[in-house]
Structure formats: structure tokens, C-alpha cells
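Trainee: Before I use this structure, I would like to go through its charged pairs and its nonpolar cores.
Mentor: Then put your questions in that order.

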Amino acid sequence: MQIKKYIASNYSEALASIKQEMGSDALILTTRSIRDHSKWNGGGASKVEITAAIDPATSTIENGTKVMEPETILDFPSLNNAEIEPDIKSLMYSLLSQTERAQSLGIKNHQLDLFSQLTKNGLNEKIIAKIFSKITLSGEGDNAVSLKEKFIKTMNRVIVCKGGVETSKDSLPKKVVLVGPTGAGKTTTISKIAADLIYRQKKKVALVSLDTFRVGGIEQLKIYGDIMGVPVETAQDRSGLKECMTRHSDKDVVLIDTMGRCHRDHNYSAQLSKVFEGLGEMETHLVLSVVSNEKQFMESYKQFSPLGVNRVLFTKIDEGLNFGSMVNFSLRTRLPFSYLTTGQRVPEDIEIAVQDKVIRLIFN
């Protein structure tokens, strides 16, 4: 283990020196401020000291010289494989002020106000920097209004919305599954989607619940089914679900509600896979509450991704405080938005997600 102390006038300079000499895999051991004792008035800290370490095994040898592995560059095509930064790297980054972090990402002075606004609303700093790098090069001449307009224009190209549940005549009935953590609002949401299909699209719909354990879950769905005049069934296993599908082969859409599980229960997706086996193509929406945090989003995605999740649906928009995490998640996983729900009313409080709506949420 190679250990070295770096002294600089601020953390940004010290970290830059560490990265240049040791690479991005360096570990921060200690940090401290060094006060200039020669100043009788007890002036503030004039220097900072960071002790860093690197394991030689993490570097490679090229022509007898140690070469540090290149840092992964965040790019939209690779965001689906992006993982949360290691804690130690997050610590290094958090030592910088917001302005220093912005400058380290290439943000210009005239972009700082918009950068600050967007980070406060939860949009990832590196994603903001990447979008800034893609907009026009008119530079310092951009005023606040034009800069925001250009940012929004680029966001419209970056954010992907696939619309709500639609049917085709090729393979009926269409099978739509809602999965997600406990408390995300799947049962209420599936009732809203059913109402939209019935009243707006004039489709024939059946509801099937796999949530046979939660007290009141199936009763709630049956109440909505009675109001809308659609059949509601329960299934406990693959054969039961297959029988439901056979009985409702004349329907345009069969909506399948699943039981919520803690994001740590990774065996649940394997159980669902066995239930869905042999049923053919399914459209799977991951239902997430916007009041949860981004780490929980990612854990839920890891839990259900073996099922082939291909949409993300955000609930409780009316309870959210900031919405940048929705975009961060969508870009990281490459999951397009389907719906947004904005309250408890059925069927009113649901809308098909569109880029303009998502962007307006980011800007509050």
C-alpha cells in the first residue's frame, strides 16, 4: 500500500493532485485543515492536508511504468450499466463545494445558477454536466432564458416516454403486469389504467390479482372491478394464472396485479418468473413512488429486472418534493416512462407521461 500526504490551498487542488499521481482508485484516509500559526490574529485555515493511499495491485504495468486504470466516463449510452459510485469516491467528491464540483465537471460560470437549481431539484450533477456538454456552443453569450431553453430542448431528446398501455390486433389478449415495492400504489394504479382502457380506449379488460396475502388487497380491486363492470380474479400459481388467461382470451387486455415485497427480497422475482412461465410476451411496468429515494429505486430495479421490466411508472407525484431522481433513474436504467399518478382518485389521477410534463416537474 502506497501512502502519501498532499498539501494544497484547497480540497479541489489536493484532490486533483491525488488523481493525477494515484488515479481515481486512490483511497482518502484522512483530511484536515492546517492553520497558519504565524498569524497572530488567528486567521482561518490557509492550507488543507489529505492523506491518500493506493494499492499497487490496482494499477497496471506498461513498459516498466505504473499506469492507472482510466476513469469511467459517464455517457448516456452506458448509463444502463452505471452503478452507484463507491462510498470512498463519493466522499472525495462531497469534500468539494458545489461550485468546485461544478467546475470539476466543466460547468461554466454563466451555467452555475441553472446547475444549482437543477441539483436542488434532484437531478444528478454528472447528468446535468453531460447535457450542458451537448447544447449549443454560444457560450458566455447565453443569458439565463436562452440557456434554460437550450437545456430543455436537449432534455426533450434525452428523456424517453413510451406512452400508456396500447393494444394491437396481432396477439390478444395483451398481458400487462405491474410490479414494485410495498406501498408504491400498484393496486390503485392498475385500477386507474383499467378505467383508462375501458372509458377512453373502449377496450375489454380483465383484472387478475396475484396478491392473495395482503389484507384487503383483492377486496379493493373487486370494488373497483364492480364499479367498472369488469371481471376480477385471483391466482396463486402458474396453473391458476393460465386458467384465468384462458377464461379471458376474448379480452383486449388482462391487467395483472402483484404483491409488493421489500426490495431486499430477490427471491420474489424468481417466484414470479415461474408463475409467468409459458404465458408468452408480457409488458411489465415497474411501479415506484416518487417519495422514495433513488437508492431504493435502483434496489427495486435490481429486484425485478430478471422479469424483463420495460417501463417505469411513478406514483404519488402530488406528494413529491423534487423530481430529478425520476430522470436519473430512467437514464441509468434506460427504462422509458409510461404513466404518472397524481392522487388517490380513480380514474382521474393518472396521466400518460410525456417529456414536457417530466421536464416541468424537474423545474418545479
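Trainee: How many salt bridges does a search of the whole structure find?
Mentor: Keep in mind that this is a predicted model. Side chains of opposite charge can pair when their charged atoms come close. For the whole structure, the search gives a total of twelve.

Trainee: Which residue forms a salt bridge with Glu-294?
Mentor: The closest N and O atoms of the pair are 3.8 Å apart, and the cut-off is 4 Å. Glu-294 lies in helix 11 (residues 294–304), and its partner, 38 residues apart from it, belongs to helix 12 (residues 324–333).

Trainee: Is Asp-349 buried or exposed?
Mentor: Asp-349 forms a salt bridge with Arg-345, their closest N and O atoms being 2.8 Å apart. Arg-345 has 52% relative accessibility and counts as exposed. The relative accessibility of Asp-349 is 8%, and buried means under 20%, so Asp-349 counts as buried.

Trainee: What is the relative accessible area of Lys-357?
Mentor: Lys-357 forms a salt bridge with Glu-351, with 3.9 Å between the closest N and O atoms. Glu-351 counts as partly exposed at 28% relative accessibility. Lys-357 is buried, and its relative accessible area is 16%.

Trainee: Leaving aside neighbours within four places in sequence, which residues is Phe-314 in contact with?
Mentor: Phe-314 is one of the residues that touch the most other members of the largest core. With neighbours within four places in sequence left aside, its contacts are Leu-288, Val-290, Phe-297, Met-326, Phe-329, Phe-337, Tyr-339, Leu-340 and Thr-341.

Trainee: How many residues are in the other core, the one with Leu-221?
Mentor: This core lies apart from the largest one. Among its members are Leu-221, Met-228, Val-230 and Leu-255, and the number of residues is 24.

Terms used
Residues numbered from 1 in each chain as written. Predicted model: local features only at pLDDT ≥ 70, side-chain atom pairs only at ≥ 80, totals over all residues. Heavy atoms only, no water. Salt bridge = Lys/Arg side-chain N within 4 Å of Asp/Glu carboxyl O. Helix = DSSP H or I, 4+ residues; strand = E, 2+ residues; numbered from the N terminus. Buried < 20%, exposed > 50% of the residue type's maximum accessible area, 1.4 Å probe, protein only. Core = buried A, V, L, I, M, F, W, Y, C linked by side-chain atoms within 4.5 Å. Contact = heavy atoms within 4.5 Å.
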